[in-house]
Amino acid sequence: MNLVAQALLGGTVFALAGAVGAALTGPRVRAVVAGVSTSVCGAGGLLAGIALVDGQTYSATVPGLLPLGTAAVAGDALSGVFVALVGAVAVIAGIYSIGYTSPGSPLDHGPGSGAGSRTVQAVLPLFVTTMVWVPIAGNVTTFLVLWELMALTSLVLVLAEHRARPQVRTAAAWYASMTHAGFVAILLALVLFSSQVGGDSFAALRVGAAELPTTLRSLIFLLALVGFGSKAGIVPLHVWLPRAHPEAPSHVSALMSAAMVTLGLYGILRVGFDLLGGGQRWWWVLVLAAGAVSALYGVLQASVAVDLKRLLGYSTTENMGLIFMGVGAAGIFAADGDRPLATLLLAASVLHAINHTGFKTLLFLGAGSVLRSTGLRNLDSLGGLVSRMPITTALFGVGALAAAALPPGNGFVSEWLLLQGLIHSLPAAGSPSVLIAVAMPLAVGVVALTAGLGVATFVKAFGVGFLARPRSMAAGNAIESPVSMRAAMALAATGCAALAIVPAIVGPTLNRVAATFPTVCDGAPLQGGVTLQLTRIAGSMSPLLILCGLFAAALVIVVTLRIAGRGLPRRKALVWGCGGTRLDPRMEYTATSFAEPLTRVFDDVLAPEQDIDVTHHAESRYLIESVQYRQKVADRVEVALYPPLLGAATGWGRLAGRMQNGSVHRYLAFGLVGLIIVLVVVGVTS
Amino acid sequence: MSNGLYVQLLYLAVGGLLLSSVLVLWRRELSAIVRLLIVQGTLMAVVALLLAIERDSIELVVVAAEVVALKALLIPGILRRVLRDSAEARETEPLINVTASILTAAVLTLVAYGISRPLVRLAPSIETQAVPVGFAMVLIGFFVLVTRRRALSQIVGFLLLDNGIATTAFLLTGGVPGVVELAVSLDVLLIVLVLQVLAARVRLTFGGTDIDELRDLHD
């Protein structure tokens, strides 16, 4: 038994013990037991993932564990990255949950409900365990069982606060149907695959894939894309993200958005690049297009969102879109034969996935800290937290900087890599194919626009949510969160900072991941220590030097101003007072008003519903008593696509309902007719 | 016993099983239907006994005795009690009338012969040639469940279905092991007892046991 097995099994045993312990203990102990066991399980995953990336392998089969097949595990470097990501998020979320779910918080809705309830606390370590094992699965049966367990446990966690808020149930219903629709697609893809190849293990699929007809391979890939895309929140399958993420407890949101969603990417990489070995060019054009649409649509919705956690949910769609763009471009170039460039783009995608995991964990935990302290998610009611929750504010700021993809945040590094790959995709000599000549400049434009809107989004989230004066009583009464929550956020921020300043530490990891796709990738894309150097194209960047430069520039400006201002008279006055002396929170910018220009510019895409009510004075029509302004930005993709689908499902259900009149005889007749049909079919076919 | 006599007797008994099943559809008198069940249970015991003699198996003799005790004595006895307690002596108005029922039974028997061909082809022997009768009994039993209204008829349909399954098992494998047979029989006995109590409750609550009136189970 090597280190990987020891770490994984040890973590699993701890998690199971934690689940049992959490089910048996009282609320105060329960929070600690669940949090610690989740963290230990995550630490096991992190350790195992690092060992896997380091070159260790782990494979084992346990016959008889699953009812319809053999349980098999097989880990390689690709599994390792995702296991380590899940593990790292779990460590942080576990620590965080100790404080977040402890009794006595404003979110504590009494015994038996909320994030501190027995069920939720017992399921949390189980959810993490299944997520840790999903990338290690070595055959189709094991993968599907773990995938479904992951969906079910996460559904229980999403439902945590269903007694306090009825909209939690709606969100959970959306999540359940989307995740199960995705599961059906994955099930069809993998079962079709394994039945045609004649083997269940991933190794057998890998060998047998080459002999399958092209149409079948394309069908398998498309089904897998739908299934994994729904987990990753790719438009138009993203509808569950902005619903389930806000309604789940915040540490669960972090686990789902930073870890579980990333497993959708794992699925695409595993099936598309590893098992199917690259494949057709048009598959990846499709992936690139879906990614581009998701990135743009996600960031646009995020930029106008008012609910902080909904904003983060849409931001997940945006980042997954960027990642899928990189994967799609990598697939296109691999199919064209330019494997070094494919390697670079793939490395950029995986690096962005790692970075996204880092900052999204931090941001969701920060949002949870605000929510626990004030009970608010609405940015229009927040504000003024910088003086009341200074540590949360600072740490959220680190996350926002990373998510805005500005230097020196870690999101900047991977988006820079992605842009480098896309910009240098045109060949130095000779003319490129029409597709590349059209698609790549467009992709560059999409990434650039996404990055720009991302800055606006996170300036809004941070500026409106945390700075200025509190816009409500609840925000004004905010107090700093418990120490375990602050520690967890600090841990996440440290991870983000490390990735931002020395991204070269993950260089070897990315090289090993690339090496797991021999038919797609070639060579090591990244080199260097302090300075990040690209091997395929002339490009290098040093985040550390950028940071030093920024710091020096800031220092110079401050010192210059001090020197220049010496001797001038000083006057104390209100900041931004404009000469007035009485400032009211209602004079401040709100999230809605900050995003108003964007709403105007992208009016055709977003189609906001605006409603202005003017009440005139009773005495005179020329005097106005009050003006009410309401704005609602609905999700247009959802409004356009889903009602017909839901209508069809409801109609089908009505039809089935008409067949039931409650008569026992009719049900028995259904049974008899069904039996005869089955027997006749069997009799005729055999 | 000579081979020819064995075959004649076996097919006679199996034919009797099929005939008794069809007669259940024909008779409306509930007491007559219970008598038919006694005949059917006895014929099943005869089949088991014939197999026992052919194969020199003591175990099958025990099974035959068990079948007689349960299906020809105990269960009909329970049904008689149900009948005595209720005022309903006749299956007044089946959902499909008697003539159509018997024609349907003919069709179901044909279907049974058709669908059991692959099964017979697997191991053609004297006993397996008669397997379609077992299938036909299952289908006819199901048909009784679908079309008859009285609670007692429902129990009878269920018993026909079970008899069909047991007959198929006898003919295909020469009788299941005694322990399994005993377990299945006890299950059947238990279900009949439960249905007896249920029928009594239904009668107390609704004043009759017309199953078709119980149709609140829908949205």
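Student: Which residues have the most contacts inside the largest nonpolar core?
Tutor: General idea: nonpolar side chains tend to be buried together in soluble globular proteins. A nonpolar core here is a set of buried Ala, Val, Leu, Ile, Met, Phe, Trp, Tyr and Cys residues joined through C-beta atoms within 7 Å. Buried means 20 or more other C-beta atoms within 10 Å of a residue's own; exposed means 12 or fewer; partly exposed is in between; C-beta atoms are placed from the backbone. In this case, the largest core has 218 residues, and those with the most contacts inside it are Val89(A), Met131(A), Ala224(A), Leu255(A), Ala347(A), Leu362(A) and Ala443(A). Helix α13 (residues 339-374) of chain A gives the most to this core, with 19 residues. Another core lies apart from it, with 63 residues, including Ala52(B) and Phe170(B).

Student: How should I take the numbering, and the model itself?
Tutor: This is a predicted model, in which local features need pLDDT of at least 70 and side-chain atom pairs count only at pLDDT 80 or more, while totals for chains, interfaces and linings use all residues. Residues are numbered from 1 along each chain as its sequence is written, and chains are lettered from A and ligands numbered from 1 in the order in which they are written. Helices (H or I, at least four residues) and strands (E, at least two) are DSSP runs, numbered from the N terminus.

Student: With which residues is Ala347(A) in contact, leaving aside neighbours within four places in sequence?
Tutor: Contact means that two C-beta atoms, placed from the backbone, lie within 7 Å. With those neighbours left aside, Ala347(A) touches Leu417(A), Leu510(A), Ala514(A), Pro525(A) and Leu526(A).

Student: How many residues does each chain bring to the contact?
Tutor: Chain B brings 18 residues and chain A brings 17 residues. On the side of chain B that touches chain A, α4 (98-115), α5 (117-122) and α6 (131-147) each supply at least two residues. The largest share, 4 residues, is from α6(B). That side holds 11 nonpolar, 2 polar and 5 charged residues. Here Ala, Val, Leu, Ile, Met, Phe, Trp, Tyr, Cys and Pro count as nonpolar, Asp, Glu, Lys and Arg as charged, and the others, Gly among them, as polar.

Student: What is the strand order in the open sheet of 3 strands?
Tutor: Two strands pair if DSSP finds at least two bridges between them. The order in chain A is β3-β4-β5, with antiparallel pairing. The edge strands, β3 (526-527) and β5 (540-541), each pair on one side only. β3(A) joins β4 (residues 532-534) over 2 bridges. Gln527(A) has Gln533(A) as its bridge partner in β4(A).

Student: Which residues does a cis peptide bond with omega of about 5° join?
Tutor: Val235(A) and Pro236(A). Pro236(A) sits in the loop between α8 (214-232) and α9 (241-247) of chain A. The bond from Pro407(A) to Pro408(A) is also cis, with omega near 5°. Pro408(A) is in the loop between α15 (390-403) and α16 (410-423) of chain A.

Student: Is Asp56(B) buried or exposed?
Tutor: Exposed, with 8 C-beta neighbours inside 10 Å. Asp56(B) is not glycine, yet its phi is positive, near 55°. The residue comes just after α2(B). That helix has 26 residues and reaches 38 Å from its first C-alpha to its last, close to the 38 Å expected. The expected span is 1.5 Å times one less than the number of residues.
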